[in-house]
Amino acid sequence: MVYITGWFLNYLTLWLRWVGIGAKFPALFALLFIGVIITIRNSGTDTHSYEIWLSSVKSDTNTLSLEPGFVLIAELLLRLTGSEVWALRGIGVLFTLFLIVYWLRSDRYELNLITLYFIPAFVFPYGMNAVRAGLGLALLLLAWQCLRRNNRMCFIILLLISITFHYSMILPALLLGVPKLKAKTWRPLLLIVIVFATFAAVALVFVQQGYILAKLELYSSSESPSPASGLSRIAMLAALLLGFSLQALPFKTKLRAWAVIFGLGVLFQGLAFVFYAGLRFLDLVAFTSPFVLLLEFDHAGKRPGRSFWWGVGIAGILGAFFFLRNALADYNGQLTGTLTPFLPYRTVFDPWP
């Protein structure tokens, strides 16, 4: 019920804004409530694993190398709290603060995207479970806002920082940069970024060789949970693109969106039939797609209409539904064997069963 309450408050704030009550301020209360759920939880498939890792960092017995930005934040929070339990909850606080900064800076369309899409489909999985990627995605949201405002330096700095929290952020970062490639003033700068990213990736392979090889081995040897894994994300992409296609935009813009977004979705879905890594990349494409599509509206000088927002809303509801279905299937950790499943929801103050 706690997740459903968070979604209910989120959609209630959306309805209040659409009828003109309170402008954007009701959304803050939904964010704060969801932030509390994330911060005090003792749920989330990887929660216990992260506490074990933080404990090893605290006792100087850690042998698992993670992304440097996340390691730095973890060490700072461990020094501040003196506890691996509360250090992990501090990461939840930081994730929520990033979203509040996004809310403060948001215009009407940006707030619609986070309310209709990010919160229903992604806020719990990435706020409570994949916390490294969650911090990276929250920073990418802020970078995307800079991109829409043509603040190049802000975009590049936040983009690079997000990659230090999770290396896979390179994929959504590139997807966000694609619409700007059409702008002549951005081409030299993006070319420099691509060259820099290439050299950084090469250097990363040498510096983090053991970590990267271990990840490749893990993902290549891990199978997807089921043959249908990832199809929920394909359904979300289809809803987004159908809503986008009904807008008054040039045909080549719509064709490019389908070719890039749905093409990548099908590619990673095919990979997901064999390797777990395909699901991770498919998830990142699904996360980034509506933000890329709004950039296409900006480039065309058009306002997104009702069909686009219906597509975004339906995709967000699909994401929420499939998250809840997966959480119910793993009730009490019966599928994953985790000590901290999403359901039943427990707080850090609850005794272990």
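**Exercise 1. Burial and overall make-up**

Of the 353 residues of the protein, what percentage count as buried?

Solution. Step 1: the ground rules. This is a predicted model, in which local features need pLDDT of at least 70 and side-chain atom pairs count only at pLDDT 80 or more, while totals for chains, interfaces and linings use all residues. Residues are numbered from 1 along each chain as its sequence is written, and side-chain values use heavy atoms, with hydrogens and water left out.

Step 1: the term. Buried means under 20% relative accessible area, exposed over 50%, and partly exposed in between (1.4 Å probe, protein chains only).

Step 2: Of the 353 residues, 52% count as buried.

Step 3: the elements. The protein has 15 helices and zero strands; helices (H or I, at least four residues) and strands (E, at least two) are DSSP runs, numbered from the N terminus.

**Exercise 2. Confidence**

State which helix has the lowest mean pLDDT and which the highest.

Solution. Step 1: pLDDT is the predictor's confidence in each residue, from 0 to 100. The mean for the protein is 83, and 82% of its residues reach 70 or more.

Step 1: the pLDDT is below 50 over residues 211–224, a stretch that has 25 contacts in the model beyond near neighbours in sequence. Contact means heavy atoms within 4.5 Å.

**Exercise 3. Aromatic pairs**

Classify the pair Y3 and F124, then the pair W144 and F291.

Solution. Step 1: a pair of aromatic rings is described by the distance of the centres and the angle of the planes. Rings of Phe, Tyr and Trp (its six-membered ring) pair if their centres lie within 6.5 Å; planes under 30 degrees apart count as stacked, over 60 as edge-to-face and the rest as tilted. The structure holds 26 such pairs.

Step 1: the ring centres of Y3 and F124 are 5.0 Å apart and the planes stand at 65°, so this pair is edge-to-face. Y3 belongs to helix α1 (residues 2–18) and F124 to helix α6 (residues 108–128), so the pair ties together parts that are 121 residues apart in sequence. Both Y3 and F124 are buried.

Step 2: W144 and F291 are also edge-to-face, with 4.9 Å from centre to centre and 75° between the planes. This pair links helix α7, which holds W144, to helix α14, which holds F291, across 147 residues. Both W144 and F291 are buried.

Step 3: W144 and F291 belong to one aromatic cluster, together with F95, Y117, F118, F122, Y126 and F287.

**Exercise 4. L113 and G301**

Decide for L113 and for G301: buried or exposed?

Solution. Step 1: L113 is found in helix α6 and is buried, with a relative accessible area of 0%.

Step 1: beyond its neighbours within four places in sequence, L113 is in contact with F118, W144, P290, F291, L294, F308, W309 and V312. L113 and L294 are 181 residues apart in sequence and 9.1 Å apart from C-alpha to C-alpha.

Step 2: G301 is in the loop between α14 and α15 (306–329) and is exposed, with a relative accessible area of 68%.
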